[in-house]
Amino acid sequence: MIRGIIKDEAGLPLPGAGVKVKGSSTSAAADVNGAFTITVPDQNTVLIITYVGYDTKEITVGTQTTLDIRLKETTGSDLQEVAIVGFGVQKKESLVGAQSSVNVADLKQPVSSMSQLLAGRIPGVINVSRNGEPGATGSDIFIRGISSLSSGDRSPLVIIDGVPNRNLNDISVYDVENFTVLKDAAATAVYGIRGANGVILINTKQGKTGSPRINVEYYEGISRFTKRPQLIDGVNYMNLANEAKYSDYLRGGAAGAFTPAYSIDAVQKTAAGTDPILYPNVNWFDAIYNDFGRNRSATANLSGGVSNAKYYVSLGYYGEDGLFKTDEAVNSAVKQNYGRYNVSANLNWDITGTTKLDLGIKGILGQNNYPSNLLAQDIFSQAFLINPTSFPVLYPNGSLPGISPQADQRNPYGDVTRNGYRTSYTNQLYSNIRLTQDLKEVTPGLSVTTMFSFDVNNTNGINRTKRESLYRINPSDPYITPGDPNSGYKYGLVLQGQDFLNYNYDNGGDKKMYFEGAVNYNRTFGKHAVSGLLLYNQNDNTKASAPNLTLSLPYRLQGLVSRATYAYDNKYFFEFNMGYNGSENFAPNKRYGFFPAVGLGWLLSSEKFFEPLKNAIQMVKFRYSDGIVGSGGSGNSYADNEGQRFYYLTKVGDAGDYTFGQNGNLGTNGLGVTAYGVDVTWAETRKQDLGFELKTLNNNLSLIVDFYKERRKNQFISRGTVPNYIGLANTPIGNLGIVDNKGIDGTIQYDTQFGKDWSLNLRANFTYNKDKVIENDQAPKPYPWMEQRGYNVLAATRVGYIAEKLFDSQAEINASPTQFGTLMPGDIKYKDLNGDGKIDSFDQTIIGRGDIPSTTYGFGFSLTYKNFDFGLFFQGQDNADVILNIPSFANSGGLGNMLAVAADRWTPTNPRQDAVYPRLSYGGTNNNNYQSSTWWKRDISFLRLKNADLGYTLKEGIKSIGVKRLRVYATGYNVFTISKFKLWDPELGTNNGTRYPLTSNYSLGLTANF
């Protein structure tokens, strides 16, 4: 019987520290005083002492019966000595692939979706948020930019706890242990057909040896829009409408008397504001949005265990209230909010000294409530379609004003508060079980492992919606008794609606099964270290709500993975990775693809000749990788149509009417080809990466830089060179597309200590990439400037005219090429690229890059003084643009709303060339000024203060209530943004501002350890 006590270097006990007899399942755990007892077989017994955050220690018992053990706290560099890689782990110093990790503590921010948190934090990752609506805030993620011509094949593969295709936005960030991004071929080739867009690896928290530990996280906060578009007020709207209409009156030759859109009397009464029912002046954004929303989160987890059995269990809640207004007097159920519960359990057993069993179960329950049967973006757009003078928010009798019985020109307030509501429910179960057998009795370093996972997702929606009656008061005849306001208003019925709620529902879901079995080998022979992996895996995914037979068939992938590594003297490293995968989507003879990659590494600082420099530079490493990865299978997502499945089969279905006859007036239903079978195979990407790593200033300063390039060929795209006169019902696809991509990404970090009270962390990262279309099968163009090859992928969405200036005079117009309609001074002058004297489609060219930036970056610091901590983190993007399509009198038929910036326009008395709007026009009589052109191009680069944190930690806790450690903090998220673009939040990337805005959050919270 051995007794002992386990302490840290300061002499404080380490309760829960693990004690295990080496080579046996016998174990014990230290009590609250750090004391333990354990039975050992003999004096040669070796005890393994472990504690979270401390170096593991091995002690030979010998003749001792009482042990006094001191553990050393693990340093920051040692904590990172093992890195997560595809299908395993490796020593960090031996890595030859390009991969990056993020400090999980930095991801604990007051938002619902984990993908929102990556912007500017990981080199090589481009992350943009396009929606701030509660429950729909998932961001777009691109690893090292865009190399695919298909918008559906640009997202990385997400793997959670070893299982592919799980949703990272459904996982609570408080359950995450580590977050790693794989970027080059050496890191992703093992994923074969799914590795071309990069891979995200997430491992959730596991139990640690020790007494039970309880951690509680809670925060409560408020949210507001980062920036909301500013609508014009009613008086300015009316004056500008009159100006625009007068301009078109002149444009039409000034025939007859001019009739303004709004009389002087109407303008004056609207300005006076004395009768807002007949002469309203409504800001529709103010009418439908509150100033603030609310969000909150609560999470508690329990973990612990002994050396042969460990557990981690957590329960979390996140809730968020949107900013849409609620009319409690009408229906309190019409609210905009989102709630999610997360349950996580990870259990680990050492069944024997060589057999391990790991079980993971996660449950996610979500509920979204929405006003109306419309999407938030639809309601937001409606506020742009109703001008401030159309009608008031409500009439005095509580009825809804309206002017049209049709779908548009609706009352936005009615959409939010009077059209019923929708509720959607999601419930998901993630489960995975792994069995690992150490075969060291066969040969040291050999093991086998197998894992099976079963994931199921169900969604249900309940719609209880209606359309209330709409009424209209005629300002020319508003009263029941003409001229007598006391007689009451005369309400004219515009739309006969209903007061009861309709009911319908929808549901969907899917199930996913995954299996893998692997043999691992890892052994060191003197200066030689070798490892190997041979793995088989397969996926079987089924979508329960598929609309037809073809899409209902299971989506299956299967393949082999292998890896071989060799290291000599911890200086020279070689790695070979291979994925061999197949999918049912391709013909049997082209079903499988082989994707190899090699990597080389040189730890220069381990050379003897480098030793004199070790005091100045502690580590220098070079690495290079080259390999092939694939894309184009059905393993990442579900197909939208039959043409995306079984590419080699021609599909036949209902083709509608065949028309014939002398006048084409005869027809009959029939069958036709819905998708043509083609002999295609995987798209392939060759990735090359050259990396450099450096540590200096006593390991306090670290630098990692990667240069990369890739070519993705054989991409699936529709054939652009097939002429329409051939008569094909659908354009066939082919392995035609080629895109080149190259760039640089890097990160730098500095950690230092000032005395015993101050510590500082500085960090920054940078990503730049440049993609270029080499081949897109674009049909031949008559002029070189119409060519899309040679530009970046998204440039195809930026085709338009080059705006030279605004016309100064009629003489200049007469001397210029013809354009669109009757022109006047103040209209946009376009460049005649082909010199034929007229502006038409042959003068269009690439005029922008797209809304995905080529450059992203992030930088920040964390400062600690005694118990206080303070940090700031900035995130930015550069080289992205939008081509505006903002409201105007011309493209709204003279009825729609306008932005406040419309006041910044060209006028005869102020003929500015730098005005936002050219000469105004009314009712669609002139479309010259609203062509897609460089006049409307805007740079959406920005710098944002992403996070600001201030905290105070009670390191001794509050012992009277059992709290061992307590931190209270205040956090700001999306605090402010600096950008030349002022109309709305530039990160939204929208060309008209109608997306639900992003939000800022300000929270107070606490973290308590029991």
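Predicted model: local features only at pLDDT ≥ 70, side-chain atom pairs only at ≥ 80, totals over all residues.
View 1. Residues are numbered from 1 along each chain as its sequence is written, and side-chain values use heavy atoms, with hydrogens and water left out. A cavity is a set of points, on a 1 Å grid over the protein atoms alone, where a 1.4 Å probe fits but cannot get out; lining residues have an atom within 4 Å of a point. Points are joined across faces, edges and corners, and a volume is the space filled by probe spheres set on them. The lining of the largest cavity has 18 residues, and the closest to its centre are Val111, Ser172, Val173, Tyr174 and Arg340. β18 (293-306), β19 (309-321) and β20 (337-350) each supply at least two lining residues. β19 gives the most, with three. Strands (E, at least two residues) and helices (H or I, at least four) are DSSP runs, numbered from the N terminus. By class, the lining holds nine nonpolar residues, eight polar and one charged. Here Ala, Val, Leu, Ile, Met, Phe, Trp, Tyr, Cys and Pro count as nonpolar, Asp, Glu, Lys and Arg as charged, and the others, Gly among them, as polar.

**View 2. The second largest cavity has a volume of about 110 Å³.** Its lining has 17 residues, with Val111, Gln116, Thr137, Tyr973 and Thr999 nearest the centre. At least two lining residues come from each of β19, β50 (965-978) and β51 (999-1009). Five lining residues are nonpolar, nine polar and three charged. The search of the whole structure finds 11 cavities of 30 Å³ or more.

**View 3. Four strands form an open antiparallel sheet in the order β3-β2-β5-β6.** Two strands pair if DSSP finds at least two bridges between them. β3 (27-29) and β6 (57-60) stand at the edges with a single partner strand each, so one side of each has no neighbour in the sheet. The twist from one strand to the next averages 20°. Axes are lines fitted to C-alpha atoms, for helices over the stretch in contact, and angles run from 0 to 180 degrees between N-to-C directions. β5 (residues 46-50) pairs with β6 over four bridges, in the antiparallel sense. Leu47 stands opposite Ile59 of β6.

**View 4. Three strands form an open sheet of mixed pairing, in the order β4-β1-β7.** The edge strands, β4 (35-38) and β7 (66-71), each pair on one side only. Neighbouring strands of this sheet are turned by 25° against each other on average, direction ignored. Four bridges join β1 (residues 2-8) to β4, in the antiparallel sense. Arg3 has Thr37 in β4 as its bridge partner.

**View 5. β8 and β9 form a hairpin with two residues between them.** The antiparallel strands β8 (residues 82-85) and β9 (residues 88-91) are joined by four bridges. Val85 stands opposite Gly88 of β9. In the turn, Phe87 has a positive phi of about 60°.

**View 6. Helices α3 (residues 234-251) and α4 (residues 264-272) pack with their axes 9 Å apart, at an angle of about 160°.** That angle makes α3 roughly antiparallel to α4. Angles over 145 degrees count as roughly antiparallel, under 35 as roughly parallel, 65 to 115 as roughly perpendicular and the rest as oblique. α3 and α4 cross in the left-handed sense. A crossing is left-handed if the near helix is turned anticlockwise from the far one by less than a right angle, and right-handed if clockwise.

Notes
1 Å grid on protein atoms, 1.4 Å probe; cavity = no way out; pocket = protein on both sides within 12 Å on 5 of 7 lines; lining within 4 Å.
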